[in-house]
Amino acid sequence: LLDENWNAKVVPKTEPSTGIVGYMDPEYLHSARLTTKSDVYSFGVVLLELLCGRKPMIYSRDEDEVNLVRWFKTNIEMGTVDQIIDPYLTDKIAPECLKEYVKNAENYVCVEGIERASMDDVLGNLWYALLL
């Protein structure tokens, strides 16, 4: 979430630029208030980018696939997350680790900030997944 000059792209504004909308906390888009849980949401989107090997918003895709978070959640509900994982990761990540990673990423991109983990919990969860 840094530009070419290493400046933060996510900053409090009334109108976020279109380049960062996919990372923005849905609560921020309604209230214009950033919180520590907003950071958790944005970090969750980054985790999904790594997992799926794609950007958070791709406007040329099928309408159901434009927004990475919605696409991810739809595949969670359908039990097809394994089909959206970057093929490069196949057989390179332990199944238990992948399951924990997916569970954590899902928790970090909850619509309601109160449902998201704290940043301290995020760190602990990532260490646990790494141990797996």
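This is a predicted model: local features need pLDDT of at least 70, side-chain atom pairs count only at pLDDT 80 or more; totals for chains, interfaces and linings use all residues.

Residues are numbered from 1 along each chain as its sequence is written, and side-chain values use heavy atoms, with hydrogens and water left out.

Helices here are DSSP runs of H or I, at least four residues, numbered from the N terminus. α2 has 17 residues and reaches 25 Å from first C-alpha to last, close to the 24 Å expected at 1.5 Å a residue; that expected span is 1.5 Å times one less than the number of residues.

Its buried residues (under 20% relative accessible area, 1.4 Å probe, protein chains only) include Ser-38, Gly-44 and Glu-49. The cover over the buried residues of α2 includes α1, α3, α4 and α5.

Take α3, residues 68-78, where the angle with α2 is about 70 degrees and the axes are 10 Å apart. Axes are lines fitted to C-alpha atoms over the stretch in contact, and angles run from 0 to 180 degrees between N-to-C directions. α2 and α3 are therefore roughly perpendicular, a word used for 65 to 115 degrees. Among the α2 residues in contact (heavy atoms within 4.5 Å) are Tyr-41 and Val-45, and Trp-71 and Phe-72 are among those they meet in α3.

Now α4: the angle with α2 is about 140 degrees, with axes 8 Å apart. The contact includes Leu-47 of α2 and Tyr-101 of α4.

Notes. Helices (H or I, at least four residues) and strands (E, at least two) are DSSP runs, numbered from the N terminus. Angles under 35 degrees count as roughly parallel, over 145 as roughly antiparallel, 65 to 115 as roughly perpendicular and the rest as oblique. Buried means under 20% relative accessible area, exposed over 50%, partly exposed in between (1.4 Å probe, protein chains only).
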